[in-house]
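Colleague: I have a model open on my screen and would like to learn how to read it. Could you take me through it feature by feature?

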Amino acid sequence: MFRFTLAASILLLAPSALAQSEPDKVDAPKKESTDVSRPWLYNDDPTIAAPLRVVAALGDTYSGNDRSVTRAFASRDTGPGGKADVALQLGLVHMLALDVTGVLGGYGSTMSGGLMAGARFAPFDMAKHGFRLAIAAGYLLDLDQASGAYARVTASYDVGRVRLAAMIHGEHVFRRVTDAVDIFVTAGVSVRIVPAFRLGVEYIVQDLEEAFTKGDDDDDDDPVPGRAEGGVHQFVGLGGTFELLHHKLFINFGPALAFRPEIGQVAPVGRALVSYTF
């Protein structure tokens with residue numbers, strides 16, 4: 001009986017002793033959010049960088065005989081040709097990030113630079129559902145070196161492989177000849193074809209406020225007399241996006257057409273954009 005009791009005690013105590021001899025397990029660190037997405041050439045995606053992470057982007061736009069479709073500025077004469085832009089987004093905390101964008105390109109017959117700097121609030125950052133929203137505001141320096149302020153709201157919604165997005169951007173520049181508010185609107189659809197590639201279509205309306213401005217026939221210098229930016233500009237673009245390095249590197253490119261119905265003009269536009277999350 002004594003031997004049986006001793007053997008049973010050893011069998012019961014052995015697993016506990018082995019468990020205590022094992023080193024304590026260390027929980028694996030939580031993976032930082034990789035929810036940043038940049039599937040657009042012209043639209044501003046509402047996803048933001050994780051805290052203390054940076055999303056850097058380098059882009060270039062070429063427009064045939066009209067101003068750049070990507071200008072977030074109210075310049076009356078930005079001229080055709082190339083426009084290079086560099087953007088940095090720094091995540092501060094969840095739902096809040098800082099944005100800085102610099103633009104270099106033709107302004108009339110010369111080269112000039114512009115700047116946008118501000119903050120954005122993304123109330124649904126890290127949410128599990130497919131809806132995203134970002135509200136941004138800040139300071140801008142136009143290509144003619146005039147200061148101003150901007151505000152924008154961007155939203156997107158995911159339905160399976162499809163992402164729908166829209167943005168409205170408003171700005172006011174402190175110069176003598178300008179509209180009270182300049183409005184820039186985008187809408188787009190992006191479809192994931194394979195895990196590393198998306199294809200999308202975007203529609204852009206630039207200077208939408210001028211659709212409601214009555215022209216002045218006495219002003220013969222404007223393409224559309226009486227309108228500070230020469231009337232409404234519309235664009236339709238096709239874009240492809242490669243998502244590489246575990247969704248840290250985005251390579252976007254595609255052609256577009258610019259439409260000016262008021263003067264019967266159609267112009268080619270092309271844009272390429274590379275974004276990387278650090």
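This is a predicted model: local features need pLDDT of at least 70, side-chain atom pairs count only at pLDDT 80 or more; totals for chains, interfaces and linings use all residues.

Colleague: Where is confidence lowest, and where is it highest?

Modeller: pLDDT is the predictor's confidence in each residue, from 0 to 100. The protein chain averages 80, and 73% of its residues score at least 70. Helices (H or I, at least four residues) and strands (E, at least two) are DSSP runs numbered from the N terminus. Helix H1 (residues 2–21) has the lowest mean, 46, while strand S5 (residues 131–141) has the highest, 95. Over residues 10–34 pLDDT stays under 50, and the model has 5 contacts there beyond four places in sequence; contact means heavy atoms within 4.5 Å.

Colleague: Is Arg271 buried or exposed?

Modeller: Buried means under 20% relative accessible area, exposed over 50%, and partly exposed in between (1.4 Å probe, protein chains only). Arg271 has a relative accessible area of 8%, so this residue is buried. Arg271 belongs to strand S12 (residues 265–277), and its side chain makes a polar contact with the side chain of Asp85 at 3.0 Å. A polar contact is a pair of N or O atoms within 3.5 Å; within protein, one must be able to donate a hydrogen and the other to accept it, and residues adjacent in sequence count only if both atoms are side-chain atoms.

Colleague: How many residues does the largest nonpolar core have?

Modeller: In soluble globular proteins, nonpolar side chains tend to be buried together. A nonpolar core is a set of buried Ala, Val, Leu, Ile, Met, Phe, Trp, Tyr and Cys residues joined through side-chain atoms within 4.5 Å. The largest one here has 12 residues, among them Leu41, Phe184, Ala258 and Val269. S12 gives the largest share, 3 residues.

Colleague: Which kind of aromatic pair do Phe242 and Phe253 form?

Modeller: Rings of Phe, Tyr and Trp (its six-membered ring) pair if their centres lie within 6.5 Å; planes under 30 degrees apart count as stacked, over 60 as edge-to-face and the rest as tilted. Phe242 and Phe253 are stacked, at 6.1 Å centre to centre with 25° between the planes. Phe197, Phe242 and Phe253 form one aromatic cluster.

Note on methods:
Residues are numbered from 1 along each chain as its sequence is written. Side-chain values use heavy atoms; hydrogens and water are left out.
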